[in-house]
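Open the model in your viewer and keep the selection tool ready. This tour goes stop by stop, and each stop tells you what to select.

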Amino acid sequence: MTAGDVDAAVARAKAALAAPLPLWKRAEILDRAALRLTARRDEFAEIIAREAAKPIRTARVEAERAVGTFQFAAAEARKLGGEMIPLDAIPAGEGKLGFTLRVPIGVVGAIAPLNFPLNLVVHKVGPAIAAGCPVVLKPASQTPFSSLTLAQMLVDECGLPADHLQVVTGGGGVVGNALVDHPDVALITFTGSPEVGWAIRARAPRKRVGLELGNNAPVIIEPDGDWRTAAAKIKVAGFSHAGQSCISTQRILVHSSLAADFTAELVRHVETLVVGDPMDEATDVSALISHDETDRVQSWVDEARAQGAT
């Protein structure tokens, strides 16, 4: 899509604010979303597996988590309220009462990542629906189909007015920047790399900006810990979705007295991982998202070996 498509989507979303959805309706839509996603779990898992190469078993877990995210959003929709303020805490306030109301902030611009193309989209869309905010959603360029299917489900099967969720596809340089820069977008929610996230924050200093960025997650193995169990869990935590997760285990710091035994145990577990077609039920690890990412990872392996790593 183009910057003009973003303009049109934001205009529709802004117009939708003139006819806000009541709280009961928002909660009802989110309840239906959880039910419909439960019924279509396997379909969504297949979409995730085919567009992101996430192994099908892991993709089903993501779809199930997205159901829970909708359920939490529905619960929050029913609790959104203001606050009573005791103005008579000072003499001038005697006989007076103050209160606050929670109102939608406005149009939400949501920019989602490739590694959880369903659940991290629901993390943005669900709370926005609960708060009564129309959303213009830009999924990752490599994984748009989960978002497109989800939006169609919410509108066609759950009762969400079409103007309340629109999907704009394309790259960050065109579509993403147009969304971030648009004067009628009140809030940006972004999940992705630190470089892009902080650039968005700097680019939109007058907007609310929520960032969920990358990580460099360590595990520390001490002699008095259950290091064998840790090795078994790291097999999953380090290699799930080929490590394409902000919370994947990326560094393991092992006490010197355990280094050899722990390494042997971890290698034993990792050697049992099945690499293959993401649609195969037996597959644990499948492809990375692109040739460029594959080349980048290979360069790091080569660099480590060149420096003496085994």
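**Stop one: a pair within a helix**

Select Lys25 and Glu28: both sit in helix H2 (residues 23-39), three residues apart, about one turn of the helix. Helices here are DSSP runs of H or I with at least four residues, strands are runs of E with at least two, and both are numbered from the N terminus. This is a predicted model, in which local features need pLDDT of at least 70 and side-chain atom pairs count only at pLDDT 80 or more, while totals for chains, interfaces and linings use all residues. Residues are numbered from 1 along each chain as its sequence is written, and side-chain values use heavy atoms, with hydrogens and water left out.

Now show the side chains. Lys25 forms a salt bridge with Glu28, with the closest N and O atoms 3.5 Å apart. A salt bridge is a side-chain nitrogen of Lys or Arg within 4 Å of a carboxyl oxygen of Asp or Glu. Side chains of opposite charge can pair when their charged atoms come close. Lys25 is partly exposed at 21% relative accessibility, and Glu28 is partly exposed at 25%. Buried means under 20% relative accessible area, exposed over 50%, and partly exposed in between (1.4 Å probe, protein chains only).

The whole structure holds 19 salt bridges. Select Lys79 and Glu76 for another one, at 3.2 Å from N to O. Lys79 is exposed, at 58%. Glu76 is partly exposed, at 40%.

Next, pick Arg203 and Asp181. Their salt bridge brings the closest N and O atoms to 2.7 Å. This pair links distant parts of the chain: Arg203 is in helix H8 (residues 194-203) and Asp181 in helix H7 (residues 172-181), 22 residues apart. Arg203 is partly exposed at 45%, as is Asp181 at 38%.

Then select Arg41, Asp42, Arg60, Glu64 and Glu281. Salt bridges that share partners join these residues into one network.

**Stop three: two packed helices**

Select helix H3 (residues 41-52) and helix H6 (residues 145-158). They pack at about 155 degrees, with axes 9 Å apart. Axes are lines fitted to C-alpha atoms, for helices over the stretch in contact, and angles run from 0 to 180 degrees between N-to-C directions. H3 is therefore roughly antiparallel to H6, a label for angles over 145 degrees.

Which residues of H3 and H6 make the contact? Look for Glu43, Phe44, Ile47, Ile48 and Glu51 of H3, and Phe145, Ser146, Thr149, Leu150 and Met153 of H6. Contact means heavy atoms within 4.5 Å.

Technical notes:
Angles under 35 degrees count as roughly parallel, over 145 as roughly antiparallel, 65 to 115 as roughly perpendicular and the rest as oblique.
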